[in-house]
Amino acid sequence: MYCKSLVIDSNDAGERLDRALASRFADVSRAQLTKWINDGSVLVDGSEVKPNRKLRGGEQIEIKGSFSPRQDWDSAEDMPLSIIYEDEDVLVIDKPVGLVVHPGAATVAPTLANGLLALRPRLRDLPRAGIVHRLDKDTSGLLIVAMSELARVRLIAALAKHEVARTYLAVVEGLLDEQLEVDLPLGRSSRDRTRQTVRDDGKDALTVFKPIARFRAHSLVQAELKTGRTHQIRVHAARTGHPLVGDVKYGAKRILPHQASTALRDQLKTFPRQALHAHQLAFAHPRTDQKKAFESPVPIELANLIHLLQQDKAQPDA
């Protein structure tokens, strides 16, 4: 933690905040100071401001900033990975819950990228170890990895044109009666940098939710991504009033059906992650243009939750 406090000298009146701080603290880069200003780690008279804030002199500055750990894209780490398909251009992985896809500012544990370097060392020659899209740490399911530069370029283009079909299974709170198209732009929350939120100035985001089964107080739904924003399904589901089971970050209330069984109550109260699984994936092969389609089985903890909800609905007094 980097902690400093100072009072702005009158000689700095009219100067931008980021430039004034960079001239005072030679042991920290201006880029790092700007990052801290943007994430609220720098306060001016107790308030968050922007890096271009013009100073008048006499302001009280408080800095409490953390340095991000080095992002490790180079280390190879042996780990069990489930390969669904592989050829010279494409690798399809069934990602388990709990595995981060690639290094980031808050990532310490080995990531899928590190595992890919151990599994296929030639991926070291490609940017980002061939990773062209991502899944959240606690979302399971199918992920494409490029194995060649041709595939990487063409898959990135296909994703940008929304030509890769990605379909998820989710268990949500509440009863979804009909198909919903949620078209709400998303961006990072100004209050919590780890969250996404609906913003007028955000990036376009479209999700289609289709009900598969209705239980007593929950629904099994199919969610189809038309765009691929961070936390898109989770935020859009919450905005419809149907947050994902277990997704307390985005408003899950851990609701319980009336007189639910002990097993179901325990599952709903303690479900350890968002109930979201990347179930189906389809795309044109980047070299041959042949259609490729894959399906991942529902992981055991999610299948067990669905089974208990089905049993609960089938009870005579339900």
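## The chain as a whole

Of the 318 residues in the protein chain, 46% are buried. Please keep in mind as you look around that this is a predicted model. The secondary structure comes to 7 helices and 15 strands, and the C-alpha atoms fill a box of roughly 75 × 50 × 35 Å along the principal axes.

How much of the contact set with a separation of 6 or more comes from residues 24 or more positions apart? Such pairs account for 66% of those contacts in the protein chain.

Let us start with an open sheet of 4 strands, whose order is S1-S4-S2-S3 and whose pairing is antiparallel. Strand S1 (2-7) and strand S3 (47-48) stand at the edges with a single partner strand each, so one side of each has no neighbour in the sheet. Inside this sheet, strand S2 (residues 42-44) and strand S4 (residues 60-65) run antiparallel and are joined by 3 bridges. As background, strands of a sheet pair through backbone hydrogen bonds, either parallel or antiparallel.

Helix H2 lies across S1, S2 and S4, and its direction makes an angle of about 100° with S4. Gln32 has its place in this helix, which spans residues 30-38. Is Gln32 buried or exposed? With a relative accessible area of 15%, Gln32 is buried, because the cut-off for buried is under 20%. Leaving aside neighbours within four places in sequence, Gln32 is in contact with Ser66 and Phe67.

## A hairpin

Strand S5 (residues 82-86) and strand S6 (residues 90-95) run antiparallel and are joined by 4 bridges. The hairpin they form has 3 residues between the two strands. Within the pair, Tyr85 stands opposite Val92 in S6.

## An exposed loop residue

Ser190 sits in the loop between strand S10 (186-188) and strand S11 (196-198). Its relative accessible area is 56%, and because the cut-off for exposed is over 50%, Ser190 counts as exposed. For a sense of distance, take Ser190 and Asp9, which are 181 residues apart along the chain: their C-alpha atoms are separated by 29 Å.

## A mostly covered helix

Helix H5 (residues 232-239) is mostly covered, with 6 of its 8 residues buried. Which residues of H5 are buried? They are Gln232, Ile233, Arg234, Val235, His236 and Ala237. Just after this helix, Gly241 takes a positive phi of about 90°, a handy backbone value to check in your own viewer.

Our last stop is a helix pair. Helix H6 (residues 262-270) and helix H7 (residues 300-314) have axes 10 Å apart and pack at an angle of about 135°. That angle makes H6 oblique to H7. Is their crossing left-handed or right-handed? The crossing of H6 and H7 is left-handed.

Now for the residues that make the contact. From H6 come Ala263, Leu264, Gln267 and Leu268, which meet Glu301, Asn304, Leu305, Leu308, Leu309 and Asp312 in H7.

Note on methods
Residues are numbered from 1 along each chain as its sequence is written. This is a predicted model: local features need pLDDT of at least 70, side-chain atom pairs count only at pLDDT 80 or more; totals for chains, interfaces and linings use all residues. Side-chain values use heavy atoms; hydrogens and water are left out. Axes are lines fitted to C-alpha atoms, for helices over the stretch in contact, and angles run from 0 to 180 degrees between N-to-C directions. Angles under 35 degrees count as roughly parallel, over 145 as roughly antiparallel, 65 to 115 as roughly perpendicular and the rest as oblique. A crossing is left-handed if the near helix is turned anticlockwise from the far one by less than a right angle, and right-handed if clockwise. Contact means heavy atoms within 4.5 Å. Buried means under 20% relative accessible area, exposed over 50%, partly exposed in between (1.4 Å probe, protein chains only). Two strands pair if DSSP finds at least two bridges between them.
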